[in-house]
Amino acid sequence: MTSDDAFPIKTCPIKICGLSTPETLEAALAAGAEMIGLNFHPKSPRYVTPQRAAELAAQARGRTQIVALVVDYDPEQAAELAGVVQPDWMQLHGKETPEQVAAIKAATGLPVMKALGVADAADLEQVARYHGVADRVLLDAKPPKDAAYPGGHGRPFDWGLLAGLDPAFRFMLSGGLDPANVAEAIRIARPDGVDVSSGVESAPGIKDVEKIAEFVRAARSAAAQLKKAGQA
């Protein structure tokens, strides 16, 4: 499956990120998530070791796309991790420049998703710098200034900010999504994929099987309604 095949237009693929146990991974697979994320940032409550991740990746391989989330890795570190875990994607969630994104893509031989934090319209100006470099862009809520690790920390940003983006621009949406608001997020932002982590947890780092299923159902329904409306 190529990177483009992984994100067919208008189907709004779903990524469940920060999985760390066979049981919750199986729940994501059973729900039909097109992507699962394994988090390698040590400060995150969702951190997994490369060895543990390799076991989870083996469980998921051939059933979904496997994404390795790293923060400010250099190309050598990324290549070493990719050799152990054998993911389908690298997700860069730090301060990686376009040049660093290209270097990691070359070192790993994998498609790369670059996460960009959004708090206001000015933050969207950085998006153009990654066109033609990152295979996909993930628009996430900008973390609080005192945050110990990147990501939305369960807080959504104003999805209305995305109305000014080029309609042809394809992105995944993250940051504060949960089963209750993902339908509204899809309706307003019209992303080409949604990514959830804390929104399907019962406690930081502890995924909830029922919430995973609810999130996937809600996202599927919202995407289907948009597709139907577009064909009417």
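**Burial and overall make-up**

I began with burial: of the 232 residues of the chain, 50% count as buried. I took buried as under 20% relative accessible area, exposed as over 50%, and partly exposed as in between, with a 1.4 Å probe and protein chains only. This is a predicted model, so I kept to its limits: local features need pLDDT of at least 70, side-chain atom pairs count only at pLDDT 80 or more, and totals for chains, interfaces and linings use all residues. Residues are numbered from 1 along each chain as its sequence is written, and side-chain values use heavy atoms, with hydrogens and water left out.

I then listed the secondary structure and found six helices and ten strands. These are DSSP runs numbered from the N terminus: helices are H or I of at least four residues, strands are E of at least two.

I also looked at contact range. Among contacts between residues at least 6 apart in sequence, 57% join residues at least 24 apart. Contact here means heavy atoms within 4.5 Å.

**Helix H2 and Leu56**

Which residues of H2 are buried? I found Ala53, Leu56, Ala57 and Ala60. They cover an arc of only 105 degrees around the axis, so they sit on the same side of H2. The arc is that of the directions from the helix axis to the C-beta atoms. I noted the general rule beside this: an α-helix has 3.6 residues a turn, so residues three or four places apart point the same way.

The buried residues of H2 pack against helix H1 (22-31), strand S2 (35-39), strand S3 (65-70) and helix H3 (75-85).

I picked out Leu56, in H2 (residues 50-60). Leu56 is buried at a relative accessible area of 2%. Leaving out residues up to four places away in sequence, I counted Leu19, Ser20, Thr21, Pro22, Leu25, Leu38 and Val48 as touching Leu56. Leu19 is 37 residues from Leu56 in sequence, yet their C-alpha atoms are 8.7 Å apart.

**Positive phi**

Just after H2, I saw Gly62 with a positive phi of about 85 degrees. I also looked for residues other than glycine. Most of those have a negative phi. Asp72 has a positive phi, near 55 degrees. Asp72 lies in the loop between S3 and H3 and is partly exposed, at a relative accessible area of 43%. Gln86 is not a glycine either, and its phi is positive at about 55 degrees. I placed Gln86 in the loop between H3 and strand S4 (89-92).

**Strand S3**

Gln65 lies in S3. Is Gln65 buried or exposed? I found it buried, with a relative accessible area of 10%. Gln65 and Lys15 are 50 residues apart along the chain, and 8.8 Å separates their C-alpha atoms.

**Nonpolar cores**

I searched for nonpolar cores: sets of buried Ala, Val, Leu, Ile, Met, Phe, Trp, Tyr and Cys residues joined through side-chain atoms within 4.5 Å. The largest has 62 residues, and Ile16, Leu38 and Leu139 touch the most other members. Helix H6 (residues 209-231) gives the most to this core, with seven residues. Apart from it I found another core, of seven residues, among them Val67, Met113, Leu138 and Met172.

Beyond four places in sequence, its contacts include Ala28, Met35, Val196, Ile212 and Phe215.

**Strand S6 and its partners**

Six of the six residues of strand S6 (residues 136-141) are buried, so the strand is largely enclosed by the rest of the structure. I counted strands as paired if DSSP finds at least two bridges between them. Strand S5 (residues 112-118) runs parallel to S6, joined by six bridges. Met113 has Arg136 as its bridge partner in S6. S6 also pairs with strand S7 (residues 171-173), parallel, over three bridges. There Leu138 stands opposite Met172 of S7.

**Rings and cysteines**

How many aromatic pairs does the whole structure hold? I found one. Rings of Phe, Tyr and Trp (its six-membered ring) pair if their centres lie within 6.5 Å; planes under 30 degrees apart are stacked, over 60 edge-to-face, and the rest tilted. The pair is Phe169 and Phe171, stacked, at 5.7 Å centre to centre with 20 degrees between the planes. Phe169 is buried at 12% relative accessibility, and Phe171 at 4%.

I looked for disulfides, meaning cysteine sulfur atoms within 2.5 Å, and found zero. Cys12 is buried at 5% relative accessibility. Cys17 is buried, also at 5%.
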